[in-house]
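User: I'm new to this one and would like a quick tour. Could you take my questions one at a time?

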Amino acid sequence: MANFEQQSTNIRHLIAFGNPLLDHSFKLENELLLMKYGLQKDVQSEMSETIIKAIIKDAHEMYHEPDLNAGGSALNTCKILRQIGQQGLLFSGSIGDDENGKIIKQLINECRVGSCMDVKTNHPTGVCVCLICEDKRSLHAFIGAAEHFSVDLFKTDEWKAKIVEFNHPDEVSLFYIEGYFIPGREDVIKFILNQYVNRHVPHVQKSLDDDDGKLTENEVKLEDIPLKEEKVEETHPENIESTDETATEAESNDSNVEHESPKEIKPVETENQPEEIKTVEIEEPPKKIDGVQNLFATNLNAAYIVKQYADTVKLLVESADLIFGNREEFEALATIYEGCQTIQDVVQLLMRKEAELDRLKIFVITDGTDPVAVYYGTDNDFRWHRYRVPPIPSEKVVDTTGAGDAFIAGFLHKFMNQGLLAECVENGCRIAGEIVQNIGLYYCLGIENYGTYLTAKAKEKPNDLWCYDCDTMEKGAICGNLSTNHSSLFKKCQEEELMCMVQRFSYTYSTENMTSGLKMWSLQRKCSKTCEPSCIVIGERVKLFACTSCCNTSLCNTGNFGSNFEPIGFLECLVKIMSVFMFNQLVFF
């Protein structure tokens, strides 16, 4: 059985496959754009090219010019890896033969990441729009040419030259496939696993050759595997937490320390930790080395990918040495395996599938600001730890886009350079923590150079004021009483229009016996360069009111001065005023 110890050999190269997308990032000052398109915060989805273009156009007009970035999960990881010092990186994906494709290639080159792209003449380059609202993001993509990656690329002279450079027979390479790469590219994934990864993995090799093209599952009885909870020697105790069932002394010294059952992972409560934790030296998981056998890693990326493409996901996770994902994605993974109900169940099952191969497998499960859970081992001897995520003040969190990709980059950087498991997790948290405090993944330029790609216009603070724009003479009751949001009445103010205004014209009339209530003649809502709140009253028996209110926040001009709107036309209003006037004249005489 494999020993758990420090990596014995560096991993020289990373070859990654994913969906290259041209990211358009916008910092939203309000939620108007989200409201217009019915978009939710903290949601990611795929959309048609038409809708994506419309969102980008409106975001540009409403806020500012987009911040362009060569994005996509695996590409983000490669760019950050390069900036933190990792060499030997090759990214491959599919782009269109268009301007956006050229921009992506230029940005990749500027980040000094090697690439070999499958260029499509009949499909446009994929695009992603990232809408950042406070500390949340709404992420939507049109995959475009990316989903048309073909095995034909592997036959080209360019690829053959690249793979010789990055996959030397005497060196270990790490192949990485993002989960978003799965749809429509099962044949490409099988080729990569068969040709470059699983030369020494008979059961996966067999599954690749099956007539139906699906992974053949070994008949496995799901049994409880003894888990060993062990304490990691902590050089940064504020960031990392783990337990050790042998550390009886620590248990007796502090009754508040909770040692959970391995059947369930719970959030770690900081205040319950002892001031000093006894450390126990343990052997760390090694990088799997078997001659020139390469390693394979994958990222689940999204729960819907796991559920909709279950067969291909199984192929990836059963072939992988490292599997990354968040809690939601791993919970989805459990649902696609019969007999599995929890993350613990699916980890046990996948580990037992490796029993005959004596392979080391590592599962890394993130959960937002809660501790990172790591399972690793072989056969019936595998263990798990939880590592604290260093807290970041909420006011410093600017953009969480790509935080998971950044975590993987930090983890892999240590892993590829003989790092201990605790160091891998700590580095992943550190890099992700820096990324979320800036807009866009600017690590390829250095965080201090943020803004290099922004145009002068984009750097200027735009006028982001929006006002309701309508007139009761045209819109009637809809304009007069805004009891609900009416996006059709939204208007982006011009640069010099810094105020929202409501102007109301109304009247009352009196006889000897009665005085009417305030009746509205007309009401107008609009943007304005200048605005002075006022209310002018003219007349005695017939009183005319001309009132103005002002405000300077988006969609603030909702008031109607506290009265119900009773729409009347100009002629009707004039008739009423003249009738009251004539009545007054008769009474007077």
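User: How many helices and strands does the chain have?
Analyst: This is a predicted model, where local features need pLDDT of at least 70, side-chain atom pairs count only at pLDDT 80 or more, and totals for chains, interfaces and linings use all residues. Residues are numbered from 1 along each chain as its sequence is written, and side-chain values use heavy atoms, with hydrogens and water left out. Helices (H or I, at least four residues) and strands (E, at least two) are DSSP runs, numbered from the N terminus. On that basis the chain has 18 helices and 24 strands.

User: What percentage of the residues count as buried?
Analyst: Buried means under 20% relative accessible area, exposed over 50%, and partly exposed in between (1.4 Å probe, protein chains only). Across the 589 residues of the chain, the buried share is 52%.

User: Which elements do the buried residues of α2 pack against?
Analyst: Helix α2 covers residues 49–62, and its 14 residues reach 20 Å from first C-alpha to last, close to the 20 Å expected at 1.5 Å a residue (the expected span being 1.5 Å times one less than the number of residues). Its buried residues are Ile52, Ile55, Ile56, Asp58, Ala59 and Met62. Taking contact as heavy atoms within 4.5 Å, they pack against β2, α1, β9, β10, β18 and β20.

User: Is β10 largely enclosed or open, and why?
Analyst: Count the buried residues: six of the seven in β10 are buried, so the rest of the structure leaves this strand largely enclosed.

User: Which residue of β10 is the bridge partner of Cys128?
Analyst: Two strands pair if DSSP finds at least two bridges between them. β9 and β10 have seven, in the antiparallel sense, and they form a hairpin with two residues between them, where Glu134 in the turn has a positive phi of about 60°. Within β10, Cys128 has as its bridge partner Ala141.

User: And which residue of β10 is the bridge partner of Ser45?
Analyst: Here the other strand is β3 (residues 43–46), which runs parallel to β10 and is joined to it by four bridges. The partner of Ser45 in β10 is His140.

User: Which residues of α12 make the contact with α11?
Analyst: Helices α11 (residues 327–335) and α12 (residues 343–352) pack at about 65°, with their axes 8 Å apart; axes are lines fitted to C-alpha atoms over the stretch in contact, and angles run from 0 to 180 degrees between N-to-C directions. From α11 come Arg327, Phe330, Glu331, Leu333 and Ala334, and from α12 come Ile343, Val346 and Leu350.

User: Which strands are the edges of the open sheet of five?
Analyst: The order is β19-β22-β21-β24-β23, with antiparallel pairing. An edge strand pairs on one side only, and that picks out β19 and β23.

User: Is Cys424 buried or exposed?
Analyst: Cys424 lies in helix α14 (residues 421–435). Leaving out residues up to four places away in sequence, Cys424 touches Gly410, Phe411, Lys414, Phe415 and Gly419. Its relative accessibility is 1%, so Cys424 counts as buried.

User: What is phi of Asn301 near?
Analyst: Asn301 sits in the loop between β13 and α9, and it is buried, with a relative accessible area of 9%. Although this residue is other than glycine, its phi is positive, near 75°.
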